[in-house]
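This briefing covers selected helices and residues of one protein model. Please look at the sequence and structure below before reading the points that follow.

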Amino acid sequence: MKCIDIDKRFRQYLERWIEDNRDHYASPEDMEDDVQTVYETWLTRPQTWLNGLSPRGYFEQVNDPAKLIELMLEYERQGVVCPEPLLDRIIDLGDASESELMKLVSGTPSEAVAITAVSLLREFDSAAPLGLYVKRISAYENTQDEGDPLADAMADALKGMGTAVIEPCLEALKTASRQAAAAFLDVLCTFPSEPRVYDPLVEFFKTATGQRDLGAMFLGEYGDDRAIPVLASLLESEDISYVEYIEIKAAIEALGGEVTTTREFPGDPHYEAMLKMDQEDA
């Protein structure tokens with residue numbers, strides 16, 4: 001199949017549609033509200049540049065998920081936006097696509113392709129990729145300022161797999177690096193009925209210098225009010241930043257506690273930025 005820029009074709013159509021229909025709308029905002037409907041309709045209309053097929057039908061004629069995934073990779077290689085109906089067709093093919101996507105994630109695709117594959121796998125509501133994701137998160141890469149987007153996408157996917165993730169995540173947590181531990185705890189804190197999660201959450205909060213904002217958020221999400229004195233013990237610490245202080249305070253309040261004192265953080269860039277904004281708004 002050809003790697004056709006479907007998005008570009010729609011943009012060209014949309015420009016003509018706007019010119020032809022602008023007088024039928026009271027405002028540009030009203031017209032914008034209809035763009036999604038126009039797009040969905042356009043996807044089902046036969047096009048001469050597709051030999052009479054609709055953009056959606058062009059991909060629906062393929063029943064082999066391996067071919068569709070190869071086409072997805074070709075779009076990525078050419079730097080062309082992967083069409084929505086191509087991704088929809090991969091999902092429509094169900095279990096066959098799931099196995100091909102798992103092969104893709106476990107291989108060596110680009111980060112962008114791997115994240116797309118993880119996103120598509122979420123549509124199957126399956127725990128099949130669980131072990132693969134736990135293994136990859138355990139090797140969390142934090143060589144760039146933005147962290148490890150693929151591991152983060154996998155952690156988000158684990159949250160949708162239900163209680164099946166608890167045992168593997170708890171086991172992986174025993175040998176996890178600090179960044180991997182944060183990813184696993186981000187998943188585990190969404191299971192407030194699992195008592196084994198509390199102690200690792202507290203341990204992370206106490207020891208995660210520079211990341212206590214994360215630790216506080218996890219404890220707030222977990223919802224166990226035993227954490228209130230643990231959180232409060234660091235409110236006056238000189239070792240926390242303004243951002244950490246704000247998250248600790250928010251977690252205490254989320255758990256039903258109260259913070260009656262305020263602190264200043266002179267020299268802290270986030271605190272100074274907040275003061276500047278307050279002064280500008282005054």
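Lys 103 counts as exposed in this predicted model, because its relative accessibility is 52% and the cut-off for exposed is over 50%. The residue sits in helix H7.

- Lys 103 and Gln 61 are 42 residues apart along the chain, and 23 Å separates their C-alpha atoms.
- Two packed helices are described by the angle between their axes and the distance between the axes.
- Helix H7 spans residues 95-106 and helix H8 spans residues 111-121; their axes come within 9 Å and cross at roughly 150°.
- H7 is therefore roughly antiparallel to H8, as angles over 145 degrees are counted that way.
- The crossing of H7 past H8 is left-handed.
- On the H7 side, the contact is made by Glu 98, Leu 101, Met 102, Leu 104 and Val 105.
- On the H8 side, Val 113, Ala 114, Ala 117, Val 118, Leu 120 and Leu 121 take part.
- Sorted by class, this contact of H7 with H8 holds 10 nonpolar residues, no polar ones and one charged residue.

**Helix H6**

- Helix H6 covers residues 84-92, and its residues Pro 85, Leu 86, Arg 89 and Ile 90 are buried.
- The buried residues of H6 fall within an arc of 145° seen down the axis, so they line one face of the helix.
- These buried residues pack against helix H3 (35-43), helix H4 (55-60) and helix H5 (65-78), and also against H7 and H8.
- Just after H6 comes Gly 94, with a positive phi of about 65°.

**Helix H9 and Arg 136**

- Leu 130, Tyr 133, Val 134, Arg 136 and Ile 137 are buried in H9.
- Arg 136 counts as buried because its relative accessible area is 19%, and buried means under 20%.
- With neighbours within four places in sequence left aside, Arg 136 is in contact with Glu 141, Asp 148, Leu 150, Ala 151 and Met 154.

**Helix H14 and its packing on H16**

- Helix H14 (residues 212-222) has Arg 212, Asp 213, Gly 215, Ala 216, Phe 218, Leu 219 and Tyr 222 as its buried residues.
- The buried residues of H14 pack against helix H12 (178-188), helix H13 (198-207), helix H15 (227-232) and helix H16 (242-254).
- The axes of H14 and H16 lie 8 Å apart, at an angle of about 10°.
- H14 is therefore roughly parallel to H16, since angles under 35 degrees count as roughly parallel.
- From H14, the residues Arg 212, Asp 213, Ala 216, Met 217 and Gly 220 meet Val 243, Glu 244, Glu 247, Ile 248 and Ala 251 of H16.
- The contact of H14 with H16 is made up of five nonpolar, one polar and four charged residues.
- Gly 223 follows H14 and has a positive phi, near 90°.

How values were computed
Residues numbered from 1 in each chain as written. Predicted model: local features only at pLDDT ≥ 70, side-chain atom pairs only at ≥ 80, totals over all residues. Heavy atoms only, no water. Buried < 20%, exposed > 50% of the residue type's maximum accessible area, 1.4 Å probe, protein only. Helix = DSSP H or I, 4+ residues; strand = E, 2+ residues; numbered from the N terminus. Contact = heavy atoms within 4.5 Å. Axes fitted to C-alpha atoms, helices over the stretch in contact; angles between N-to-C directions. Parallel < 35°, antiparallel > 145°, perpendicular 65-115°, else oblique. Left-handed = near helix turned anticlockwise from the far one by under 90°. Nonpolar A, V, L, I, M, F, W, Y, C, P; charged D, E, K, R; others polar. Arc of directions from axis to C-beta.
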